[in-house]
Amino acid sequence: MMTRKPPRIGRRRPDSGSHVRSFSDRRPQFFATAERHRQTADYAKTSVSEKTPGVLKIVPLGGVEEVGENMTIFEYENDIIVVDMGFAFPDENMPGIDYIIPDTKYLQENKNRIRGVVVTHGHLDHIGAMPYILPKIGDPPVFTMPLTAALIERRLDEFHLLGRSQINRLDIDQALNLGAFTFRFFRLNHNIPDSIGLSIKTPAGHVIYATDWKFDHTPVDNKPSEFHKIARFGGEGVTVLMSDSTNAEVPGYSLSEKDLGETIDRVFRDASGRIIFATFSTLINRIQQVINSAAKYDRKVVVTGRSIVATVEIAFSLGMLKIPPKIIVRAEQANRLPDGKVVILSTGSQGEESASLARIARGEHKTVSVRPGDTVVISASPIPGNERSVAAVMNNLTRLGAKVLYIKNLDIHTSGHAKQEDLKMMISLVKPKYFMPIHGEHHMLVAHAGLAKNLGVPEKNIFILDNGNILEIKSAEAKLSEKKLKTGLVFIDGLGVGDVGEVVLRDRKVMAEDGMFVVIMQIDRKNGKLFGPPDIISRGFVYMKESEDLLREVKHEVRKVVETKSQKPQEPNWAYIRSRVRDQIGEFLFQRTERRPLILPVIIEV
Ligand SMILES: [Zn+2]
């Protein structure tokens, strides 16, 4: 079987002209993806579970070709550990799809060897896929920090899965032994509390895993990164550093959450009407800053949106949100207060249709309506693909008379990911023998690899993997395996998992663009002749009443296609007739209209 070796930095990919593959490169090409599935479908034979004593295998299932669906396998002999289990949001080429999760067939087949799932933090691109995947891989125990554990429990509860996997709370200063693995933990800054990095020791080598982090010397939760631990682990000798590449192309240091707090404070100082503050429900530090400013400027806080209410409750009960007494009020109470005394915390910073902010903007929110003089703050940068929905929400709010502040007219969002100077500092503290950039699209990983190279990591010691590639470490020597684990995208559509494939998606796309065209034919089973003219139903393609000529011609064409191809009247080949109708009527319609609707031939045998 053909397997492709991914490029190391500086070397050209053998089968393509360019190193840089963008997000969109990977997504919309259904045929290309299907091809990839075929190439790797036989993967049981190339299973990473072959007997390879003394070898640690690291396999990213997701997260190294995209921002999202982070999930990595660590396997040593008979033991498997999974780190993180996230989902990704679909792009506009995936109509009707809610989320994308990694393909976990390998783990399903090896579930008896899974010793545990270690989770770095509570963002959905790290925990979102757990309800879909945990039950399929035998509900292994989960190990994580208290806030993350509570968020995971809430998510599992929504799926009625609570109580199946054991969710264990870690003590950040205690080592955890799972099979041949010893995990130790260090605190990292991110925009959600309880984010941790991992020191992973095995007989084959020592890995430092640092995802979704930045260094912040003045974080909102007053708990800076544990530099002393990172340096100590570095001093023990590190075989591989795996580190967050999201902002590897951005020079400088990341803005401290404290600086952002000052910006938020200015908004509160200057606003006279109500403030509506939209952010991600999991940006707990941001929520804390809003509450701090509200307290300072004597405003009451309304929290609206199911997920943000739940997160605030969880974080408060764990002591991770400091909320002054009586500052939180219900929307009905707030409506009786002067406008200058109210701030509304809401979800919907990505323009999500059903989230609070969009409902407020459409005037459909039960208790909150926007009026002139209000200030709306959108405190998150749009995830690529969401820009237009965010803009639509902003337009609606502006029409209602609100002043809208967002990332372009106010520095109202700081990334939770390290920029170049912090990334370099991490590499210098850890001093790894090998370097593996993770968490990002391919071009981000390449940029991060460039930083490592400038810091003296030899080019041959830098590995840029694709999802499914296997890094093998033996006696602290790393090499890329010739083999590859099957990877693919599993689409989550409503409550269905994986039952929407490439074909369904392609049909949805065709229907969305060019509509559909149903041809119903009654065909005589004995002689293969049409019984009366075919019926045509068209939706989203042409307006039938104004296209009578076209429809008449189509009916004529259908008769031609059916009857010339039924030379053996005793046994008409229905599948063949359907495919001929689909092809020829498709071609005919394209010639007349330059559109390609989805054609659905229906045969009724009479
Ligand atoms: Zn994160």
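Setting aside neighbours within four places in sequence, H123 is in contact with G128, H190, N191, I192, D212, T282 and L283 (contact means heavy atoms within 4.5 Å). The model is a predicted one, in which local features need pLDDT of at least 70 and side-chain atom pairs count only at pLDDT 80 or more, while totals for chains, interfaces and linings use all residues. Residues are numbered from 1 along each chain as its sequence is written, and side-chain values use heavy atoms, with hydrogens and water left out.

As for its setting, H123 sits in the loop between β5 (114-118) and α4 (124-127); helices (H or I, at least four residues) and strands (E, at least two) are DSSP runs, numbered from the N terminus. H123 is buried, at 9% relative accessible area (buried is under 20%, exposed over 50%, partly exposed in between, with a 1.4 Å probe and protein chains only). Its C-alpha atom is 8.3 Å from that of T148, 25 residues apart along the chain.

Then there are the salt bridges, 26 in the structure, each a side-chain nitrogen of Lys or Arg within 4 Å of a carboxyl oxygen of Asp or Glu. One of them joins R184 and E236 at 2.6 Å, N to O. R184 lies in strand β9 (residues 181-187) and E236 in the loop between α7 (227-235) and β12 (238-244), so this pair ties together parts 52 residues apart in sequence. R184 is buried at 17%, whereas E236 is partly exposed at 35%. Another pairs R269 with D270, closest N and O atoms 3.2 Å apart; R269 is exposed at 52%, and D270 is exposed at 53%. Finally, D173, E226 and K229 are linked in a salt-bridge network.
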